[in-house]
Amino acid sequence: NTTVAFNATETSFGSIEVTAAQINPDMQISVSVPTGNELINQTDNTKTLPYTIEDANGEFTSAAYLAAGDKTDLTINIEQDDWNSAYAGDYEDEVIFTITYEEIPTT
């Protein structure tokens, strides 16, 4: 669970980290999240507040992890203009991370 403070344009969302793993040399752990995220007003679900999940390079959609210790720090980002036009109330959303163990794609 993460709480986003009112008017905060960037909030820590924790990290994705491989803490212990034995990954075959031709395999990777892939983690992805959907884009187009919106916090939903709990009083009126037609009112939403868009946000992005970001890493150090911008919007996070997916990453591949090859060894224990691989890590990605994430933040929740909300544009100030979106805060300025948001309706009052409590907002919530659920983020679903998809994790797969797969072969490293060849290019």
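Lys-71 and Asp-73 form a salt bridge in this predicted model, with their closest N and O atoms 3.7 Å apart. The term covers a side-chain nitrogen of Lys or Arg within 4 Å of a carboxyl oxygen of Asp or Glu. Lys-71 is partly exposed, at a relative accessible area of 48%, and Asp-73 is likewise partly exposed, at 47%. Here, buried stands for under 20% relative accessible area, exposed for over 50%, and partly exposed for what lies in between (1.4 Å probe, protein chains only). The count of salt bridges comes to 2. Lys-47 takes part in one of them with Asp-44, where the closest N and O atoms are 3.4 Å apart. Lys-47 has a relative accessible area of 23% and so counts as partly exposed; Asp-44, at 27%, is also partly exposed.

Residues are numbered from 1 along each chain as its sequence is written, and side-chain values rest on heavy atoms, with hydrogens and water left out. Because the model is predicted, local features need pLDDT of at least 70 and side-chain atom pairs count only at pLDDT 80 or more, whereas totals for chains, interfaces and linings use all residues.

Turning to the overall fold, the chain contains 1 helix and 9 strands, where helices (H or I, at least four residues) and strands (E, at least two) are DSSP runs numbered from the N terminus. Read from the N terminus, the order of elements is β-β-β-β-β-β-β-α-β-β. The chain is more spread out than a compact globule, because its radius of gyration of 16 Å is well over the 13 Å that the globule rule gives for 107 residues. That radius is taken over C-alpha atoms, and the rule is 2.2 Å times the number of residues to the power 0.38. The C-alpha trace spans about 50 × 25 × 20 Å along its principal axes. Of the 107 residues, 27% count as buried. The chain exposes about 7200 Å², of which carbon and sulfur atoms supply 45%; these areas come from the Shrake-Rupley method with a 1.4 Å probe, and for residues only the protein chains shown count as cover. Among contacts (heavy atoms within 4.5 Å) with a separation of 6 or more, residues 24 or more positions apart account for 76%.

The interior comes next. In soluble globular proteins, nonpolar side chains tend to be buried together. In this chain the largest nonpolar core has 19 residues, and those with the most contacts inside it are Ile-53, Phe-60, Tyr-65 and Ile-78. Such a core is a set of buried Ala, Val, Leu, Ile, Met, Phe, Trp, Tyr and Cys residues joined through side-chain atoms within 4.5 Å. Phe-60 touches residues that include Ile-16, Val-31, Ile-53, Tyr-65 and Leu-74, not counting residues up to four places away in sequence.

Ile-29 lies in strand E2 and is buried, with 18% relative accessibility. Leaving aside neighbours within four places in sequence, Ile-29 is in contact with Val-18, Ile-23, Ala-63, Ala-64, Tyr-65, Ile-99, Thr-100 and Tyr-101. The C-alpha atoms of Ile-29 and Glu-103 are 8.7 Å apart in space, while the two residues are 74 apart in sequence. Thr-11, in strand E1 (residues 10–17), counts as buried at 11% relative accessibility. With residues up to four places away in sequence not counted, Thr-11 touches Thr-2, Thr-3, Val-4, Leu-74, Thr-75 and Ile-76.

The segment before E1 also deserves a look. Asn-7 is found there and has a positive phi of about 70° although it is not a glycine; at 35% relative accessibility, Asn-7 counts as partly exposed.

Finally, the structure holds 2 aromatic pairs. In one of them, Phe-6 and Trp-83 are arranged edge-to-face, at 5.5 Å centre to centre and 75° between the planes. The pair links distant parts of the chain, with Phe-6 in the segment before E1 and Trp-83 in helix H1 (residues 80–84), 77 residues apart. Rings of Phe, Tyr and Trp (its six-membered ring) pair if their centres lie within 6.5 Å; planes under 30 degrees apart count as stacked, over 60 as edge-to-face and the rest as tilted. Phe-6 counts as exposed at 66% relative accessibility, whereas Trp-83 is buried at 10%.
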